[in-house]
Amino acid sequence: MKGKKKDVVIWLNYEGRTIEISANELQQTIQKAKFKPDVEEICLRFNIKGEILDIPVKISDMRKAIKQAILVKKLVPNSLTEYLEDITQKLMMKPIMPIAKREHELEKVWFYISQKVRNNVFLTGEIDVGKTAIAHEITRQISTNECPKEFYEKRVLLLRPEKLLNIKSDRIYESTVRKLMNFLVENRKSIVLYIDNAFFMITDELLIMMLYACIKKYNIPMIATINSEYYDRYFFENTSISKYLNEVYVKEPEMENIKSMIESHLRLFENRYKVKCTEEAIKFGIYTACLSESSSSEPGNVISIFEKAFREARRKGKKEVDKECILSCYNTYLENYENTPEKEKRATSYHETGHYIVQVMCQHRSDVKISCVSILPMMWWAGVTMSYYDIKEYAIRSKEYFIDQIAMSLGGRIAEKRVINTNSTGASNDLEKVNAYAKAVVMRWGFSDKEGNKNRSYDYEDYFLMPESKKELIDKEIQELIDAGMKRAEEIISKNEGLLKVIAERLLVEEILTGEELEQICKEYEEGVTTKEVEETTETPEETE
């Protein structure tokens, strides 16, 4: 004979007295009661050995207490815990900080999973953009009842398909998948299923059938994350299932929003490593994160960099994370840099500054912003000007837009040649990119002005099958585009040569300048704050020769 399960209890403290209440009974009482929407507080009446006690309680606090008490009870059986994790219960034991600047995505997730049918959402996007963080925020809101009322009594269960695929025995595998499916169906009214990296669900026939059943037959609320490329290839193009799916694309956040998004992680690192991080270091880490091996400023990548920087600061006994700690996270070749002749460093500095000057002065590329300019050798670059798209700005894709892009790519070559009369291999790489870009403008994007090419788009393979006269026409137009970009870059560099020298000389000293620091230098230059000393000490072309 099975023993009776012990009820979960809640303790209320009132005027020095502790009162024990059954969580289940209190939950049933709340479910039966009909509160008006504007009621925030009620009185619970207790009869304790003839003594009547009226205890005022906030409804929200009461619901949270019930939720915490009920979450203590285990839902997933031991036989399935390796493949199915109750992360709502996990968050109750170890809370996480809420995320910021993702209100739109969170609203869309709640909208979709609240539906009666087709109640799923696939969070798509690039690696480290924050898809998993959004799923965890939904879980956090459910665990604290900061969610719609119909989710107060639900739990989020994380399915681990990669663990299922590791089962060696076909018989055990099939049996486990069947048990999982039966459990999910039995508890479908009290759970939200979460699958991190849904790509695994289409790698095996049984898992495909399981996914279809959850989505199409049983309408189990579901949140899944997946790389956008995989979603398009394996889900969107599969019309038998795509019509049942809802996609929310998670964009890379704007640069100024990243600090808010990683703030809770920074506080966590400060407590864990007993090291502080100044505002200056935080901005430097965010703007230069694109120099890491992932070449991305996405939140996940930035968080990873800061954790390494905090560890480095503690290892070296520093009280604060500084630029040196952050630079240690990047694949820099400082030894090579230290042995580089001063003339080559100067050439790199003027080259990268040239890119920057043209980029910020172009009128038709307002959607591009600079995150940082570096003259340190990193990954495969001798120096680098890193940019990002500002989604608040929208630039019309006119022919002038493309000429600006070509000018930006040629800015480094022109500045290097004009001011210090040198050309480096960096200039050769720029020319390579420019040629490919101009070719795409003419052949692929239909921006030709020539008769016979107007409103036409060609595959690159078509080029080799064209008659020579056609090739000559296309080559001529490509050259005209490059010449137009070259002329524009030359005009900008000529007009801003003083600013170019100021930034390049500062870059030689600092080695890395963030977009914010560069904007400040430009502002000071315009206001006449910057002295002429830097310009006067700059070598002339005759001196370098």
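Lys274 lies in the loop that runs between α11 (255-273) and β11 (276-277), where helices (H or I, at least four residues) and strands (E, at least two) are DSSP runs numbered from the N terminus. This is a predicted model, in which local features need pLDDT of at least 70 and side-chain atom pairs count only at pLDDT 80 or more, while totals for chains, interfaces and linings use all residues. Residues are numbered from 1 along each chain as its sequence is written, and side-chain values use heavy atoms, with hydrogens and water left out.

Although Lys274 is not a glycine, its phi is positive, at about 55°. Most residues other than glycine have a negative phi. Lys274 counts as exposed because its relative accessibility is 68%; buried means under 20% relative accessible area, exposed over 50%, and partly exposed in between (1.4 Å probe, protein chains only). Arg118, in the loop between α4 (103-113) and β6 (120-125), also has a positive phi, near 50°, and with 38% relative accessibility Arg118 counts as partly exposed.

## The six-stranded sheet

Six strands form an open sheet with mixed pairing, in the order β5-β7-β8-β9-β6-β10, where two strands pair if DSSP finds at least two bridges between them. Because β5 (84-86) and β10 (247-249) stand at the edges with a single partner strand each, one side of each is left without a neighbour in the sheet. Neighbouring strands are turned by 25° against each other on average, direction ignored; axes are lines fitted to C-alpha atoms, for helices over the stretch in contact, and angles run from 0 to 180 degrees between N-to-C directions.

β6 and β10 pair in the parallel sense over three bridges, and Leu123 stands opposite Val248 in β10. Helix α5 (residues 131-143) packs on the sheet and touches β6, β7 (155-159), β8 (191-196) and β9 (222-227), its direction making about 165° with that of β9; contact means heavy atoms within 4.5 Å. Helix α8 (residues 205-217) likewise packs on the sheet, touching β6, β7, β8 and β9, and the direction of α8 makes about 135° with that of β9.

## The nonpolar cores

A nonpolar core is a set of buried Ala, Val, Leu, Ile, Met, Phe, Trp, Tyr and Cys residues joined through side-chain atoms within 4.5 Å. The largest has 80 residues, of which Phe306, Phe310, Val321, Ile326 and Ile503 touch the most other members, and helix α17 (residues 399-420) gives the most to this core, with ten residues. A second, separate core of 36 residues includes Leu159, Leu184, Ile195 and Phe235.
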